[in-house]
Amino acid sequence: MAAMNASAEAIVQGLDDAQLAAATTLHGPVRIIAGAGAGKTRTVTRRIAYACASGAWDPTRTLAVTFSVKAAAEMRSRLASLGVGEQVTASTFHAAALHQLRQVWPDICEAPFPHVIREPGRAIDQCMCRVLGTDQFGDAEVRAVLAEINWCKVSLIAPSDYSRVCAATHRQPPAGLEVDRLVDVMQEYERVKTSHGEIDFNDILLLTCHILDDFPEEAVHIRAAIGWLTVDEYQDVSPLQHRLMSLWLNGNRDVCVVGDPAQTIYSFAGASSYDLLGFASEFAPLSADIDLGIDYRSTPQVVGCANRVLASAANREDYLKLSALRPGGARVSRTVYDDDDEEARGVAMRIARMVSQGAAPDDFAVLTRINAQHRVVCRALREQGLHYRVRRDAGWQHSALEDEGAGLDHALSQARQEALEQIGAGGQQGSQQGIQQGVTLSTIHAAKGLEFKHVFIIGCSEGLLPFSSPSPGEQLEEERRLMYVGVTRAEDTLHLSYARRKDSSGGIARAPSRFL
């Protein structure tokens, strides 16, 4: 036992005081507010490994959930290096729930286990044609309807309640549809899925909640495997995910949540920092409530820029003020260009010059607010002979569907991953070497959780960032948090820029972003 304790103590060596307090408080509810670059994953994985190595937790009954396959894989890798990776379950919400569903399904239903629908957009298209009696709508309308259906599910709004919610909140259905017609499409979509033996992304969680609510024996079986629960990125939980977490716990108070209210950027998908901010009330009394505010990632100049972005927030008291540990670095550059082409060429030339001076291409990221900004940048990077890879917004939710040993079809995983990332290499598909090395071109949403030595955020103008120049309110605050996430991706240098106009033909003059 002494050897085990010595091993456990070694696991938490090197943590700062706040990280150590978080890692060694092993029982009861724990909240960790972790700022950008503050060693969140390091703290959480060492907490889990320390608890298991010291004998305080049974690793086979330890579950850690996060929001992306990449984050879950990183957590598993770190836990393995700490000696507990084989027994602890580190997964996405959806993969964990799908695994639980598969385990209990034979006991509750004689029908075959349903397939996860491969192309929900195509099913929505067919349902809209059938219900509306026309095919006079485009891909954008189909995507908007699918997004609204997903929003209803993660917000725990049944089709029968949608009309009441719209009336109470003045919510407008997408694609120009009347409320009742959209409800008809929702119901037809559910009927079609059921008839084909299919479920969608959010049905995985809804079905698991249903079993935990209404099937006592199966609920006991599922909960028996969850003695200690850790929830990463807790600022992004939806009402549906919070409901599932509550049902998993069922009064169990050994739960740790980790998150940062300043990085809540998925409100459009139902995410909310409400549960993170309200955790102390919901689970009172807490065993520990810890702030990790030292940024180990970025230079003082980058950290200062990030703090200034949040300083004007209406709810700035909810956000940590970061402090930098690294010594001084380069100042944050701010550049104004005449038009989008000039901005893209200027950024590409700057990257090419730094690469010629010895920097690695994959140390660079060009971040945008929307996917539409990518085309002109891709062209400019190609002109400079730079390899690049593109990450688009689709990556966040869909990546959580990839197989993590929970039995999802490999072809589904492959298709979703291909949709997430497109590889560019001088205009051609990259070789394996090209995939490994290249400038990352990404929306800020898709770059969350990543970090790069050199970051260029383009389009820092009103209308783009913040998008559509919102009035003061939650939409503006979401855009502010998005800017903060973009800024805090940078380790060594940060370059902010915008173009006065879209193109050289003139047009409306742009004003610099209020976040600058």
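Good morning. The structure before us is a predicted model, in which local features need pLDDT of at least 70, side-chain atom pairs count only at pLDDT 80 or more, and totals for chains, interfaces and linings use all residues. Residues are numbered from 1 along each chain as its sequence is written, and side-chain values use heavy atoms, with hydrogens and water left out.

Let us turn to Asp339. This residue sits in strand β11, residues 333–339; strands (E, at least two residues) are DSSP runs, numbered from the N terminus. Is Asp339 buried or exposed? Its relative accessible area is 12%, so Asp339 is buried; the term means under 20% relative accessible area, with exposed over 50% and partly exposed in between, for a 1.4 Å probe and protein chains only. Beyond its neighbours within four places in sequence, Asp339 is in contact with Ala499, Arg501, Lys502, Asp503 and Ser504. A polar atom of its side chain also lies 2.8 Å from the backbone nitrogen of Glu342.

Next comes Ser497, found in strand β17, residues 490–501. Ser497 counts as buried because its relative accessibility is 6%. Among its contacts, neighbours within four places in sequence left aside, are Thr335, Tyr337 and Glu343.

Finally, I consider strand β8, residues 288–292, where the side chains alternate. Strand β1, residues 30–34, runs parallel to β8, and five bridges join them; two strands pair if DSSP finds at least two bridges between them. Ile33 has Asp291 as its bridge partner in β8.

Technical notes. Helix = DSSP H or I, 4+ residues; strand = E, 2+ residues; numbered from the N terminus. Contact = heavy atoms within 4.5 Å. Polar contact = N/O pair within 3.5 Å; in protein donor to acceptor, adjacent residues only side chain to side chain.
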